[in-house]
Amino acid sequence: MADEADATFVIDACRFAENAAFVGAREAEFADADVAEIAREQLSYADAITMSGKKDALTNVGGFVACRDDDLFERCKERAILYEGFPTYGGLAGRDLEAMAVGLREAVERRYVTDRLEGVAALGRRLVEAGVPVYQPFGGHAVYVDAGRFLPQVDAEAFPGQSLVCECYLEGAVRAVELGSFAFPDTDRPELVRLALPRRSYGLEHIEHVADTVAAVHERRADVPGMAVVSEPPTPELRHFQAELAPSEPMSRFGET
Ligand SMILES: *Cc1c(COP(=O)(O)O)cnc(C)c1O
């Protein structure tokens, strides 16, 4: 399609290993292929990729752009020198580049990536068992809860996703993120809350704690209040990152906050 439209095809490759593992798990043609082989084929169709190192490169920071076209590369290189650092390091410390070189290989090891996908699916299954409305099939990095169905008494104007996020933190110190009508106003997307799992951080007991926490909030969902905006930044695009909200009634568990 991109060729027909004479468009540059850029892949956001930050989850390339999880996506390749899903192709291997779900498409018969690729059942016997290595995760790396699948990823190589997928990325081979792109003119360029952007990659966040913090995702499937298993690093703490950084990322990169890779492209086929020499002219595009030269243009990217100029911007890198102006805004990031020389092309050989792109503003990153050598330590982080070395971690990325190792991480990119480890991310496509089947044992690693399968363990990750299974951790996310284990969280999803536990939430389904507890009756929590979740988006299916589960993703590779996160389980998405439908806060609109979870808290039907909270109107969209009172941001059910934000309510759920705050209640999960109060209940069990679980940090999630609202990705519904607060993050994306003026769309009709569902009121999603993302429970993303950091890579190589959590074992099954942590996952059980997260599921138990969300299930405990679900048990007392009828008492969960909506939220109201207390302050927001002048730049509307930054509302999701910088606004301050407060419960429209005292939060159920801690009373006045
Ligand atoms: C995290 C993420 C980014 C941004 O990467 P940073 O390294 O955090 O700037 C871009 N695209 C997708 C799909 C991501 O998940």
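Trainee: How do the residues of the lining of the second largest pocket divide into nonpolar, polar and charged?
Mentor: This is a predicted model, where local features need pLDDT of at least 70 and side-chain atom pairs 80 or more, while totals for chains, interfaces and linings use all residues. Residues are numbered from 1 along each chain, and side-chain values use heavy atoms, without hydrogens or water. A pocket is an open set of 1 Å grid points where a 1.4 Å probe fits, with protein on both sides within 12 Å along at least five of seven lines, and lining residues have an atom within 4 Å of a point. With Ala, Val, Leu, Ile, Met, Phe, Trp, Tyr, Cys and Pro as nonpolar, Asp, Glu, Lys and Arg as charged and the others as polar, the lining has 11 nonpolar, 4 polar and 3 charged.

Trainee: Which residues lie nearest the centre of the second largest pocket?
Mentor: The lining of this pocket holds 18 residues. Nearest its centre are Gly63, Phe64, Val65, Ala80 and Gly90.

Trainee: Where does the largest pocket lie relative to domain 1 and domain 2?
Mentor: Its lining has 12 nonpolar, 6 polar and 7 charged residues. Domain 1 (10-106) and domain 2 (112-254), with bounds from an automatic or database assignment, both contribute to that lining, so the largest pocket lies between them.
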